[in-house]
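Subject: Structure for you to look through

Hello,

Below is the structure we talked about. Please keep it open while you read the notes that follow.

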Amino acid sequence: MKKLSFIQRTQSEHWVGDGFPVRNIFSYDDVAEEMSPFLLLDYAGPKNFPATSEKRGVGEHPHRGFETVTIVYDGEVEHRDSSGGGGKIGPGEVQWMTAASGVVHEEYHGREYAKRGGPFEVVQLWVNLPKKDKMTKPRYQGITRDQISEVAIPGGKLRVIAGSYESTKGPALTFSPMNIWDIRAEAGKKFEFKLPNGFTTGLLVLRGRIKLPSGEEIRPAEMAVMEREGTDFSFEATEESVLLLLNGQPLNEPIVGAGPFVMNTEAEIRQAYMDYRSGKMGHLS
Ligand code: MN
């Protein structure tokens, strides 16, 4: 049975542009080794936005060396990048943007959603790339609701975003082995999952409440980080819950990051700034 390693709670609260009021749940600043291959998770909302005709979000900025994965629970997010990738995603949909060698992108609330306003709730996860893939070509995967298989499990349902659950596979193409599941749990139900031994495991509670066999309770905007050893992961949903499971093979490579770039060495970070300033990451047309 996997044991709790620690509970990760909000590290900071800030706005990303004027569209994303985020709670940073974890960052490689302090839990780089513990969370690898995952670098950072920002939880935006839940928040009710009034209707507007303005463009709300964050304008042109670069990334290199990792992937940004945006999961929409409520509202809409529109993205556009310098490699030609772009699209709009809504509730239940995922945008998997591989920055790799570098892109410049913008992230805004979907125009139609902004015009009508309403609830907004989005997770942005940064997934690190193995050293050998950091300078590969950028890629954009817009993953729609119908591409994500939903599996009925005892006590709830589970949608496989990446990796697999038993024989069900997720649509996201990844560079290292990982499983990312959107779990909906009914109140009072117990859950038991088999996970690969040695993988990082974090369970984020968005709504509801869960209880681990050791007695700890995990509440909204908290993440249970489990020990890597063992394959059996179990918990009880003490309330109806919305959960995000992050499970991935640690990369065990040096992590050096600054702002929007995450590489393996300081020299690579300096190079990233030079390449961005000289326009090598492209521009939005
Ligand atoms: Mn970005």
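**Salt bridges**

Asp275 and Arg64 are both buried, where buried means under 20% relative accessible area, exposed means over 50%, and partly exposed is in between (1.4 Å probe, protein chains only). Their side chains form a salt bridge with an N to O distance of 3.0 Å; the term stands for a side-chain nitrogen of Lys or Arg within 4 Å of a carboxyl oxygen of Asp or Glu. Asp275 belongs to helix 3 (residues 266-277) and Arg64 to the loop between strand 5 and strand 6 (66-74), so the pair ties together parts that are 211 residues apart in sequence. Helices (H or I, at least four residues) and strands (E, at least two) are DSSP runs, numbered from the N terminus.

Before going further, note that this is a predicted model, in which local features need pLDDT of at least 70 and side-chain atom pairs count only at pLDDT 80 or more, while totals for chains, interfaces and linings use all residues. Residues are numbered from 1 along each chain as its sequence is written, and side-chain values use heavy atoms, with hydrogens and water left out.

How many salt bridges are found in the whole structure? The search gives 17. One of them joins the side chains of Glu106 and Lys55, at 3.7 Å from N to O. Glu106 sits in strand 10 (residues 103-109) and Lys55 in the loop between strand 4 (38-49) and strand 5 (57-63), so this pair ties together parts that are 51 residues apart in sequence. Glu106 is buried because its relative accessible area is 10%, whereas Lys55, at 42%, counts as partly exposed.

Another salt bridge is that of Arg159 with Asp182, whose closest N and O atoms are 2.9 Å apart. This pair links distant parts of the chain, with Arg159 in strand 14 (residues 156-162) and Asp182 in strand 17 (residues 178-185), 23 residues apart. Arg159 counts as buried at 11% relative accessibility, and Asp182 counts as buried at 3%.

**The manganese ion**

Which protein atoms are the donors of the manganese ion? They are NE2 of His61, NE2 of His63, NE2 of His105 and OE of Glu107, lying 2.1 to 2.4 Å from the ion. Donors here are N, O and S atoms within 2.8 Å of the metal (3.2 Å for Na, K and Ca); water is not among the atoms, so sites may look incomplete. Along the sequence the donor residues are spaced H-x1-H-x41-H-x1-E. His63 is in strand 5 and Glu107 in strand 10, so the pair ties together parts that are 44 residues apart in sequence. Both of these residues, His63 and Glu107, are buried.

**Two helices**

Helix 3 has twelve residues and spans 17 Å from its first C-alpha to its last, close to the 16 Å expected at 1.5 Å a residue; the expected span is 1.5 Å times one less than the number of residues. Ile269, Ala272 and Asp275 are buried in helix 3. Seen down the helix axis, the buried residues fall within an arc of 125°, so they line one face of helix 3. The arc is that of the directions from the helix axis to the C-beta atoms. An α-helix has 3.6 residues a turn, so residues three or four places apart point the same way. On the other side of helix 3, Glu266, Arg270 and Arg277 are exposed. The buried residues are covered by parts that include strand 25 (256-258) and strand 26 (261-263).

In helix 1 (residues 28-35), the buried residues include Tyr28, Val31, Ala32 and Met35. Their arc around the axis is only 165°, which puts them on the same side of helix 1.

**Two single residues**

Gln141 lies in strand 12 (residues 139-143) and counts as buried at 10% relative accessibility. Leaving out residues up to four places away in sequence, Gln141 touches Val94, Gln95, Trp96, Pro171, Ala172 and Leu173, contact meaning heavy atoms within 4.5 Å.

Ser53, in the loop between strand 4 and strand 5, counts as exposed at 71% relative accessibility.

Regards
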